[in-house]
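Q: I'm new to this structure and would like a close look at its salt bridges. Please take me through a few of them, and then show me what lies around them and elsewhere in the fold.

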Amino acid sequence: MLPLQIKEIALACQGEAHGEAQISSVCIDSRKVTPGCLFVAIKGERFDGHDFVEKAFAEGAAAVMVHSGLPCDGPVIRVDDTRRALLRLAGYYRRFFHIPVVGLTGSVGKTTTKEMTAAVLSKRYRTLKNEGNLNNEIGMPMTAFGLDLSFGAAVFEMGMSGFGEISRMARAAAPTVGIITNIGVSHMEQLGSQENIRKAKLELLDGMEEYAPLILNGDDPLLADVKIENHPVFYYGIERAHCRIRAQEIMQTERELAFTISYGYGSVRVRMPVVGLHFVYDALAAFTAGLILGVAPQAAAQALGEYEPAGMRQRVKRLGGVTVLEDCYNASPDSMRAAIRALRMLEAKRSIAVLGDMLELGPLTSQAHAQIGAFAAQQGVDMLFAYGPAAVEMARAAKSAGLAACSHETDASALAQQLLQTLRPGDAVLFKASRGMHLEEVIAAIYEGWKTK
């Protein structure tokens, strides 16, 4: 981070500075304070950073940022709201850097698309990106503070749960290129309709200058015909002819997804070590961003070929003759369908789906879970293990749709035991649920139990 004076920071944050100090980094966790940093006291659900101000100074913080009125011994910046001030400071700092910045949002596939986009841009620029899914009003600005003069580009992923959040983050990030991956039903409880979700995602434009390009999924019905003024739109997709960047000749094997990207004045073949058609869409968005920002098509294809899923995002593992598709990071109806399709692409004697609750669907919860159960049956899944209170609707709908080998469980250890008794060589099994269901614990129990077989 470039050094800043606290009076300069206070001006950017609409606050008051008391004392003198030079800041070399920003920190919101008192356990990670380093000498010379600005400790920003954030009040969360479980902890209040204001309780750790003295500790921050003891650990070497050069100054602190706190809510107005809090007594403080040492250089301090007082603001009305430290969360909003953090975003304002990030926006101020971001504008020191005249570099390409991709702002990215959507209902499904944001983090994967962010990783792919950063990989593509890295073929030409040293590229900063959010770590993991630090894509909220704290994680995104903290990412921005990582910029220094060595970076030539940045990719900022932005998530949201309601109106206004993406607008505030976009104004701070000031993207020169925008991407919206799709419009799903996540956060329906807060926003009420897919049209409102689209409206919230389109707040990305609030931080983009006039005529900055916007990249949209042209196969998404809520994005294909959206009216965008004063921004050139680059559509990508598979199905619709109006998409400027299209994937064709798609082939899936157990170990590789291959497809050709046609981009108007040429084409390039891409081979990726992943399973699932949804990865094609993520790759197309990343490729389009690279094309706009001057990355050679062959170099972009190479970057995509080097991509490997991180964390619990659809990793393929093989254990004792069983192919395991781990996809426990998050879940929505759209990503559930994509994961089930990916399972069915695997060559296996039996396709087994272990599907847990999808959270934050509000009044759509019962209907959405029932639809996924029916979809699993229609796709030809051989067995379904539904896990969690809401997943009972999956099991009922799957049975009604003709899937006899179907069960429901709410206890993780009982589910793991059932699977250990069921799985055998030649099977392919998918694990998919919202992060809050901790389905990875079931996977760990199965891996451990498999060793003792």
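A: Let's begin with E306, which counts as partly exposed because its relative accessibility is 49%. Keep in mind that this is a predicted model. K123 also counts as partly exposed, at 34% relative accessibility. The side chains of E306 and K123 meet in a salt bridge, with 3.5 Å from N to O. E306 sits in the loop between α11 (297-305) and β17, while K123 sits in the loop between α4 (110-121) and β9 (127-129), so this pair ties together parts that are 183 residues apart in sequence.

How many salt bridges turn up in a search of the whole structure? The count is 16. Another one joins the side chains of K114 and E115, at 2.8 Å from N to O. Both K114 and E115 are buried. K129 comes into the story too: K114, E115 and K129 are linked in a network of salt bridges.

Now for E256 and R271, whose side chains meet in a salt bridge at 3.1 Å, N to O. E256 belongs to the loop between β14 and β15 and R271 to strand β16, so the two tie together parts that are 15 residues apart in sequence. E256 is partly exposed, with a relative accessible area of 29%, and R271 is partly exposed as well, at 47% relative accessibility.

That pair leads us to strand β15, residues 257-262. Is it mostly covered or mostly open? Mostly covered: six of its six residues are buried. In general, side chains in a regular strand alternate between the two faces of the sheet. Here L257, F259 and I261 point one way from β15, and A258, T260 and S262 point the other way.

β15 has a partner in strand β14 (residues 245-252), and these two pair in the antiparallel sense over five bridges. β14 and β15 make a hairpin with four residues between them. β15 also pairs with strand β16 (residues 267-272), again antiparallel, over six bridges. Here T260 stands opposite R269 in β16. The hairpin of β15 and β16 has four residues between its strands too, and G264 takes a positive phi near 100° there.

Going back to E306, the loop it sits in runs on to β17. There you'll find an open sheet of six strands in the order β17-β18-β22-β19-β20-β21, with mixed pairing. Its edge strands are β17 (315-319) and β21 (406-409), each pairing on one side only. From one strand to the next, the twist averages 15°. β17 and strand β18 (residues 322-327) run antiparallel and are joined by five bridges; R318 has T323 as its bridge partner in β18. Helix α15 (residues 412-422) packs on this sheet and touches β19 (350-356), β20 (383-387), β21 and β22 (427-432).

One last stop is a pair of helices. The axes of helix α3 (residues 82-94) and helix α6 (residues 165-173) come within 7 Å and cross at roughly 30°, which makes α3 roughly parallel to α6. R84, L87, A90, G91 and R94 in α3 meet R168, M169, A172 and A173 in α6. By class, this contact has five nonpolar, one polar and three charged residues.

How values were computed. Residues are numbered from 1 along each chain as its sequence is written. This is a predicted model: local features need pLDDT of at least 70, side-chain atom pairs count only at pLDDT 80 or more; totals for chains, interfaces and linings use all residues. Side-chain values use heavy atoms; hydrogens and water are left out. Buried means under 20% relative accessible area, exposed over 50%, partly exposed in between (1.4 Å probe, protein chains only). Two strands pair if DSSP finds at least two bridges between them. Axes are lines fitted to C-alpha atoms, for helices over the stretch in contact, and angles run from 0 to 180 degrees between N-to-C directions. Angles under 35 degrees count as roughly parallel, over 145 as roughly antiparallel, 65 to 115 as roughly perpendicular and the rest as oblique. Contact means heavy atoms within 4.5 Å. Ala, Val, Leu, Ile, Met, Phe, Trp, Tyr, Cys and Pro count as nonpolar, Asp, Glu, Lys and Arg as charged, and the others, Gly among them, as polar. A salt bridge is a side-chain nitrogen of Lys or Arg within 4 Å of a carboxyl oxygen of Asp or Glu.
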